[in-house]
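Trainee: Could you walk me through some of the charged side chains in this one?
Mentor: Gladly, let us bring the model up before we start.

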Amino acid sequence: ALNEAVICELRSMFPDKFAHSNTLEAPDRYICAHSIIGYDLAEYERTYTLNTLAKYFDTYLYTKSDTSQLTNVHLVGDADTLSEMPKIFNLSKINLNMTIRPIQKGLPLRIFDILGCGGFLMTNYQEELSDMFDIGRELETYSSLDELIDKCEYYLSHDSEREALAHRGYEKVRSRYTYMHRLTEIFKQSLNANPISS
């Protein structure tokens, strides 16, 4: 859908996005799809989702981004990454992760941040989640706004289930996904790919 006319128009509207050299085969198309449309779509989806959730639940947002389009969302402001954010993740009844569209493969770090603090995580479904976590036992996912609302309503009225799920998610991250686990795996794969010969 990104024909040359659209790319040229976006290039003229966002020249700073195209300023860097890029080794991709079609960098202009990639920049349009991911750096402009992908991020704008993520902003729209997040705003719409938060405004919808705020109609049903007390919804709090910690951010320093523009919040002018949000209604009925409790705007808290920025939170310090090292001192405040872990407490917020741990004490919030539901932590919501909305992965931006350009992340089509892999998992965002926020998933591990929340679970590693013992927080209950509700995240949009990503294919790799089921490879690393037991969905519905260690974290919860949604695939539509209606499903998100239904699951929020359920978990907000089932405290013990929500807390047990958060604890199992924390234990999974603690037992398998710390920096030490990841570095050990990187070194193992590196040695398997390039064995040391004597």
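Trainee: How far apart are R110 and D113 in helix α4?
Mentor: R110 and D113 are 3 residues apart in helix α4 (residues 109-116), so about one helical turn separates them; helices here are DSSP runs of H or I with at least four residues, and strands are E runs of at least two, both numbered from the N terminus. This is a predicted model, in which local features need pLDDT of at least 70 and side-chain atom pairs count only at pLDDT 80 or more, while totals for chains, interfaces and linings use all residues. Residues are numbered from 1 along each chain as its sequence is written, and side-chain values use heavy atoms, leaving out hydrogens and water.

Trainee: And what do the side chains of R110 and D113 form?
Mentor: They meet in a salt bridge at 2.7 Å, N to O, where the term means a Lys or Arg side-chain nitrogen within 4 Å of an Asp or Glu carboxyl oxygen.

Trainee: Switching to K172 and E138, which parts does that pair tie together?
Mentor: Their side chains form a salt bridge of 3.0 Å, N to O. K172 lies in helix α7 (residues 159-176) and E138 in the loop between α5 (129-132) and β5 (140-142), so the pair ties together parts that are 34 residues apart in sequence.

Trainee: Is K172 buried or exposed?
Mentor: K172 is buried at 11% relative accessible area, given that buried means under 20%, exposed over 50% and partly exposed in between, with a 1.4 Å probe and protein chains only. E138, at 11%, is buried as well.

Trainee: How many salt bridges does a search of the whole structure find?
Mentor: It finds 9.
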